[in-house]
Amino acid sequence: MKNRKEEGPVQAAVYLRLSSADGPAAESDSIQNQRSFLQEWACRNGFVLVREFVDDGHTGTDFERPGFQQLSACLMAGTVRCVIVKDLSRLGRNYAETGRYLEQIFPQLGVRFIAVNDQYDSAKNTDSIQQMAVFKNVFNDLYAADASAKVRASLGILKRQGKFLGRQAPYGYRIDPADKYHLLPDGQTGPVVQRIFALFLGGASRTKIAQMLNREKIPSPSCRQGTDKCGRFTGLWNAETIRRILSHPVYQGDMAQQFTRTVNYKVHLRRRVDPAEWIVVQNTHQPLVSRQDFAQAQKMQQIRTYKSSDHPHLLTGIACCADCGSPLYAKRRGKYWYLNCYGYYRDPAAHCCTAHSVREDKVLQAVADALRTLAQGQVDLHLWAQKQLEKRQKGKTIQDLRPKWEQQLEIARRARLNAYKDKVDGILDEAEFLYISQTLRREEEECCRELARLNDQHAQRENVTAIEERARRFLQFDHLEKVQLQQLVRRVEVDERKHILIEFTFADPKKSSSHTK
Ligand SMILES: [Zn+2]
């Protein structure tokens, strides 16, 4: 190029192409961007751009494009002697065909061809070294994508064979030194797992078990893995750690993997996989608990979860102790749920309060009675609804969620377009592309659903009549709902003598209403 510079600027044509397959996401490759990129480059390198050939919205897989046809005609006629493109893929995505132009057609016509980003210049090297370099790059790209697909596929096969593929064995196990795909019970942590199951089956709650282990200073899974170093874990046992252990099939001798999955290879987004999609292979290693015990633990966990969702503690977060101000927490004793002073429970020895409790249903009844009384014409529902509306419009929590979903939607869309581009390029085969695009489409749909839901909620918020109507229905008290209750009741205080004081979220003519059990 140096010697050419001495001869003065080289007259050249540029060829710009935007593929419809590139999609709107290919902002960086827009015709305008390619043009200014090439103009700037030509200026710096002693070229004068005399012609421009454009194909806007044509894929690179064939050469039947109007812009390219015009360029070809000019090359044949000898009016264009030098062609510059941004990168080789602008010329075409079909590497075999592109190669024919580079190796045969352009040299035969004596045309100099430059692909700036690929550092390809036919005038620089007449032998095949330069071309080999270009095709090596292309090959490398193809090979890399192919290899990663192969790695993923073979990992899947190993998982399906029940081979353990983690870097660290699950708590209670260690990796077999003789076989890195095999687990052995760990002499130290294995018995801890067995104890957790025994305690839980014996009726201890997950929280109780966690407290017990913490008291005994038994290192928790996060402690053992050293994850607490980054400050994300306290290193203590908690109900969630216990729940995870109690529900992990590995302890009954089954290999369960793929709890999370990378959504695709471009956006490295990991998400939890539904338990139904876990890859589980039975009897791959020595169990720590029997199948019967494991099944029983699952049943008990389900019952507990079911019960807690079946019994929504409507007053949680609303009820508090009038004596010490602590929140009241619900605990079942026999047939009934009781609200207990958390101040006492947390530290009975501190004597900041006394052990007092009140039946949850009685408090709820009192709240319902008070609300019903108010409902008898004392509340201007319309006015109240308007106030609610004003208040909610000030809150922007819902609008805060929107950018998150919009952004996620955009990422998924862009990734799907990229995947399409890679299918066109042959980097992804049909099956891989289908899998990726379906996954991304599902994600897009989820984002759209969330956004629609936000819109719905927003619309609902605009409507005073709807709020009023909902309040009217609520005030019939057929069944209390937590959200509605929280809209109306700011605070319920219960003291040691079980006096109940209710504070409403709206102005009440009686200011507040006092009830005695
Ligand atoms: Zn108290």
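Me: Which residues is Y15 in contact with, leaving aside its neighbours within four places in sequence?

Reply: Start by skipping the close neighbours in sequence. This is a predicted model. In it, Y15 is in contact with F53, G67, L71, V83, V85 and R90, once neighbours within four places in sequence are left aside.

Me: How many residues are in the largest nonpolar core, and which have the most contacts inside it?

Reply: The largest nonpolar core has 27 residues. Those with the most contacts inside it are A12, A13, Y15, L71, C82, V83 and I84.

Me: Now the whole chain. How many helices and strands does the chain have?

Reply: The secondary structure comes to 18 helices and 18 strands. The chain has 517 residues, and 24% of them count as buried. Take contacts between residues at least 6 apart in sequence: 62% of these join residues at least 24 apart.

Me: How do I read two packed helices?

Reply: Two packed helices are described by the angle between their axes and the distance between the axes.

Me: Which residues make the contact of α7 with α10?

Reply: From α7 come V193, I196, F197 and F200. From α10 come I242, I245 and L246. Sort the residues by kind: seven are nonpolar, none polar and none charged.

Me: At what angle do the axes of helix α8 and α10 cross?

Reply: Helix α8 covers residues 206-215, and its axis crosses that of α10 at roughly 105°. The two axes come within 8 Å. That makes α8 roughly perpendicular to α10. On the α8 side, the contact is made by R206, T207, I209 and A210. On the α10 side, A239, T241, I242 and R243 take part. This contact divides into four nonpolar, two polar and two charged residues.

Me: Is K421 buried or exposed?

Reply: Count the C-beta neighbours. K421 has 21 inside 10 Å, so K421 counts as buried. The residue is found in helix α15 (residues 397-424). K421 and F433 are 12 residues apart in sequence, and their C-alpha atoms are 9.9 Å apart in space.

Me: Now sheets. In what order do the three strands of the open sheet with β14 come?

Reply: Read the order across the sheet: β13-β14-β15, with antiparallel pairing. The edge strands are β13 (328-333) and β15 (357-359), and each pairs on one side only. Neighbouring strands are turned by 35° against each other on average, direction ignored. Three bridges join β14 (residues 336-341) to β15. In β15, V358 is the bridge partner of L339.

Me: In which sense do β12 and β16 pair, parallel or antiparallel?

Reply: Strand β12 (residues 319-321) and strand β16 (residues 489-494) pair in the parallel sense, over three bridges. A319 has V492 in β16 as its bridge partner.

Me: And how do β16 and β17 pair?

Reply: Strand β17 covers residues 499-504, and it pairs with β16 in the antiparallel sense over five bridges. For V494, the bridge partner in β17 is I500.

Methods:
Residues numbered from 1 in each chain as written. Predicted model: local features only at pLDDT ≥ 70, side-chain atom pairs only at ≥ 80, totals over all residues. Contact = placed C-beta atoms within 7 Å. Helix = DSSP H or I, 4+ residues; strand = E, 2+ residues; numbered from the N terminus. Nonpolar A, V, L, I, M, F, W, Y, C, P; charged D, E, K, R; others polar. Pairing = 2+ DSSP bridges. Axes fitted to C-alpha atoms, helices over the stretch in contact; angles between N-to-C directions. Buried ≥ 20, exposed ≤ 12 C-beta atoms within 10 Å, placed from the backbone. Parallel < 35°, antiparallel > 145°, perpendicular 65-115°, else oblique. Core = buried A, V, L, I, M, F, W, Y, C linked by C-beta atoms within 7 Å.
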